[in-house]
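Subject: Structure handover

Hello,

Here is the structure I said I would pass on. My notes follow below it.

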Amino acid sequence: MGRGLFITLEGVEGSGKTTQAGRLAETLRAGGRRVIVTREPGGTRAGAAIREIFLDPAVSLNVAAELLLVLADRAQHVSEKLKPAVEAGEIVISDRYSDSTTAYQGYGRGFDLRLLGELNRLATAGMTPDLTIVLDCRVETGLARTRERARASAHHFDRFEGEEIAFHARVREGFLTIARGEPERVVVIDSERPLAEVSADILRQVEALLARRCL
Ligand code: Z5A
């Protein structure tokens, strides 16, 4: 079996990652591709337990504890799910991955970026995305969308939704800085536009990658 592809979607809260991951998977499946959609934190059974603690607004975590929890989730996710699926020839779409750690715990919380990079390397065991899409929107737009969603459903606020705007703004800038540093891997797409336009841009990037890899 040939190697598949590893695609990650990143961005601030409410930027549209979950929606776009689903739409991309649907389109690729309709074209006959084998696709799995997963997420961080929470892509494995261990990860689901970690996610509960990680997002619980009643749980207090210092920065190192927060970082180590999300890295534990990632280490398990990589070995149990991501690597086997890509090696089996699947297209794997992950809703968040290592760039979220750099953006949230590094740029957002101020954890030392060099040490964070080393710890991230330990957790990923060398598994780097073939393509990362940063869905970029204003923090206010993203938060308004998630607030609207919360009003319409029984969604409860998590630990991050309670953070101040300045925190989310540092995270957004973090993603944009990552993208500037690795333009061959990371593509920024404006996600303030209508869903269909954003989906079309994402699909164009993925199709170009598939063509480059002769897949
Ligand atoms: N975190 C971390 O700190 N460090 C790490 O290493 C990792 C994660 C991996 C996970 O929370 C939290 O963990 C996250 C960072 C932290 N918290 N924050 N902030 P999560 O998984 O529960 O939340 P999220 O990743 O932020 O997802 P989200 O809030 O669900 O946002 P989203 O997936 O980007 O958006 P969505 O669910 O697709 O869309 C939100 C709403 O907007 C929905 O009603 C859509 O219909 C609507 N939407 C989406 N796109 C559009 C457009 N284009 N127009 C209009 N409306 C739209």
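Leaving aside neighbours within four places in sequence, which residues is I202 in contact with? I202 touches Q20, L24, I133, L135 and I189, where contact means heavy atoms within 4.5 Å.

Before the rest, some housekeeping. This is a predicted model, in which local features need pLDDT of at least 70 and side-chain atom pairs count only at pLDDT 80 or more, while totals for chains, interfaces and linings use all residues. Residues are numbered from 1 along each chain as its sequence is written, and side-chain values use heavy atoms, with hydrogens and water left out.

The cores. I202 is one of the residues that touch the most other members of the largest nonpolar core, along with L28, I91, I93 and V206. This core has 20 residues. A nonpolar core is a set of buried Ala, Val, Leu, Ile, Met, Phe, Trp, Tyr and Cys residues joined through side-chain atoms within 4.5 Å; buried means under 20% relative accessible area, exposed over 50%, and partly exposed in between (1.4 Å probe, protein chains only). Two or more residues each come from β1 (5-11), α1 (17-30), β3 (91-95), β4 (131-136), β5 (186-190) and α8 (195-212). Helices (H or I, at least four residues) and strands (E, at least two) are DSSP runs, numbered from the N terminus. The largest share, five residues, is from α8. Another core, of 15 residues, lies apart from this one and includes V12, A103, F167 and I178.

Helix α2 (residues 45-55). Its buried residues are G47, I50, F54 and L55. Seen down the axis of α2, they fall within an arc of 115°, so they line one face of the helix; the arc is that of the directions from the helix axis to the C-beta atoms. α3 and α4 are among the elements that cover them. The face turned away from the buried side carries R45 and E52, both exposed.

Backbone points. The peptide bond from E40 to P41 is cis, with omega near -10°, and P41 sits in the loop between β2 (35-39) and α2. Two residues other than glycine have positive phi: R96, near 80°, and C214, near 55°. R96 is in the loop between β3 and α4 and is buried, with a relative accessible area of 15%. C214 belongs to the segment after α8 and is exposed, at 70% relative accessibility.

Regards
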